[in-house]
Amino acid sequence: MKFVDEVRVFVRSGKGGDGCVSFLREKYRPKGGPDGGDGGRGGDVVFEADEGLSTLLDFRYQQHYRAKHGQNGMSRQMYGRKGEDARVRVPVGTVLSDHETGEPLVDLTEHGQTYVAAQGGKGGRGNMHFATSTQQVPRHAEPGEAWEERTVRLTLKLMADVGLVGFPNAGKSTLISRISAAKPAIADYPFTTMTPKLGMVRLDDERGFVVADIPGIIEGAAEGAGLGHRFLKHVERVAVLALLVTTSWEEDRDPLSDLRVLEQELKAYSGELAAKPRVLVLSKTDIGEVLAWRSELAPRFDGPIFPLSSVTGEGLQELLEGLWPFVEAERARRAEEDEDAAQE
């Protein structure tokens with residue numbers, strides 16, 4: 001399935017139904033009075049997060065969503081029917097923002113969470129509401145309120161605990177394939193990963209987390225080089241970033257230079273992302289000068305350093321155990337925030 005993570009859609013709610021002007025006319029009630037009912041409320045356009053979805057691809061083919069209008073009021077004090085809502089399902093992790101102003105509207109981070117993007121108009125009151133002692137034959141009713149319409153931008157940010165960031169061919173895809181059931185494309189040429197991939201990691205029966213593998217970052221990504229910064233939004237939510245640099249002699253890489261570039265590109269994208277906790281992963285240790293590079297990198301990097309080989313499996317378990325405290329701390333922080341919000 002093609003991965004689409006940013007689209008814009010047009011939404012319009014339903015108009016409220018008009019109130020009714022009517023007078024009761026029955027054989028034995030010659031002075032029945034006004035009996036016009038109220039119009040029904042217009043339908044809303046409601047976005048709902050669905051954990052069964054993983055892409056915004058459907059919105060490439062349907063970009064207009066309109067709710068139904070409310071029914072007009074009727075005689076005998078009968079109210080019009082409410083307009084049917086337009087319910088729009090989106091993946092968990094979708095951010096809605098106003099296309100014109102760029103203002104964020106809502107971040108749908110939980111399954112079943114909803115947001116009304118366009119509210120239906122209220123139904124107008126019928127003339128039965130306007131009878132008074134001095135105006136017993138009201139011949140007017142309220143019109144229904146107009147609909148709301150707007151253009152909404154949908155941006156999908158994957159829900160993951162750990163983000164893998166590195167140059168093309170740094171070994172990110174091989175790593176995620178070894179620690180999870182994810183099956184990314186793996187080859188000996190750059191940019192084999194063209195879209196973000198998620199993998200579920202299980203440490204034991206009670207501990208697990210989600211890892212996101214994004215396409216490789218290269219120098220100048222902030223200016224659009226390679227795939228640019230397009231996919232960095234998918235690691236904005238993570239608890240910790242794993243920066244992969246390879247010590248492989250086959251690729252003639254300079255880990256110090258690669259680390260400097262990765263840090264610069266993260267900072268160019270977002271100061272908040274650059275400030276996230278980080279670990280450094282020295283990949284492809286089976287074909288690299290690990291000890292020498294580790295001593296060079298240790299004074300330069302202020303976080304944990306994990307040498308590993310995804311091919312032989314050496315260092316994989318140490319890396320996963322080293323990532324877990326960051327994930328656990330972030331989950332505890334979010335739980336505390338949710339508890340504080342609930343108390344307010």
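What share of the 344 residues in the protein chain is buried? Buried residues make up 48% of them. Here buried means under 20% relative accessible area, exposed means over 50%, and partly exposed lies in between (1.4 Å probe, protein chains only).

This is a predicted model, in which local features need pLDDT of at least 70 and side-chain atom pairs count only at pLDDT 80 or more, while totals for chains, interfaces and linings use all residues. Residues are numbered from 1 along each chain as its sequence is written, and side-chain values use heavy atoms, with hydrogens and water left out.

**Overall make-up**

The protein chain has five helices and 14 strands. Both are DSSP runs numbered from the N terminus: helices are H or I with at least four residues, strands are E with at least two. The chain exposes about 17,900 Å², and carbon and sulfur atoms supply 48% of that area. Accessible areas come from the Shrake-Rupley method with a 1.4 Å probe; for residues, only the protein chains shown count as cover. Of the contacts in the chain with a separation of 6 or more, 73% join residues 24 or more positions apart. A contact means heavy atoms within 4.5 Å.

**Cores**

A nonpolar core is a set of buried Ala, Val, Leu, Ile, Met, Phe, Trp, Tyr and Cys residues joined through side-chain atoms within 4.5 Å. The largest one has 26 residues. Val-9, Val-11, Val-45, Phe-47, Phe-59, Leu-96 and Leu-154 have the most contacts inside it. Strands 1 (6-12), 2 (45-50), 4 (86-91), 6 (104-108), 7 (114-118) and 8 (149-156) each give two or more residues to this core. Another core, of 24 residues, lies apart from it; Val-238, Val-261, Leu-262 and Leu-297 are among its members.

Take Val-11. Leaving aside neighbours within four places in sequence, its contacts include Val-45, Phe-47, Tyr-65 and Val-152.

Three strands form an open sheet in the order 4-2-7, with mixed pairing. Two strands pair if DSSP finds at least two bridges between them. Strand 4 and strand 7 are the edges, each pairing on one side only. Neighbouring strands are turned by 30° against each other on average, direction ignored. The axes are lines fitted to C-alpha atoms, for helices over the stretch in contact, and angles run from 0 to 180 degrees between N-to-C directions. Strands 2 and 7 pair in the antiparallel sense over four bridges. Phe-47 has Tyr-115 in strand 7 as its bridge partner.

**Salt bridges**

The whole structure holds 20 salt bridges. Each is a side-chain nitrogen of Lys or Arg within 4 Å of a carboxyl oxygen of Asp or Glu.

| Pair | Closest N and O atoms |
|---|---|
| Lys-233 and Glu-6 | 3.8 Å |
| Arg-87 and Glu-48 | 3.4 Å |
| Arg-278 and Asp-302 | 3.3 Å |

Lys-233 sits in the loop between strand 11 (208-213) and strand 12 (240-246), and Glu-6 in strand 1, so their bridge ties together parts 227 residues apart in sequence. Lys-233 is buried at 7% relative accessibility, whereas Glu-6 is partly exposed at 33%. Both belong to a network of salt bridges that also links Asp-5 and Arg-153.

Arg-87 lies in strand 4 and Glu-48 in strand 2, so this pair ties together parts 39 residues apart. Arg-87 is partly exposed at 49%, and Glu-48 is partly exposed at 24%.

Arg-278 in strand 13 is 24 residues from Asp-302, which lies in the loop between helix 4 and strand 14. Arg-278 is buried at 17%; Asp-302 is exposed at 70%.
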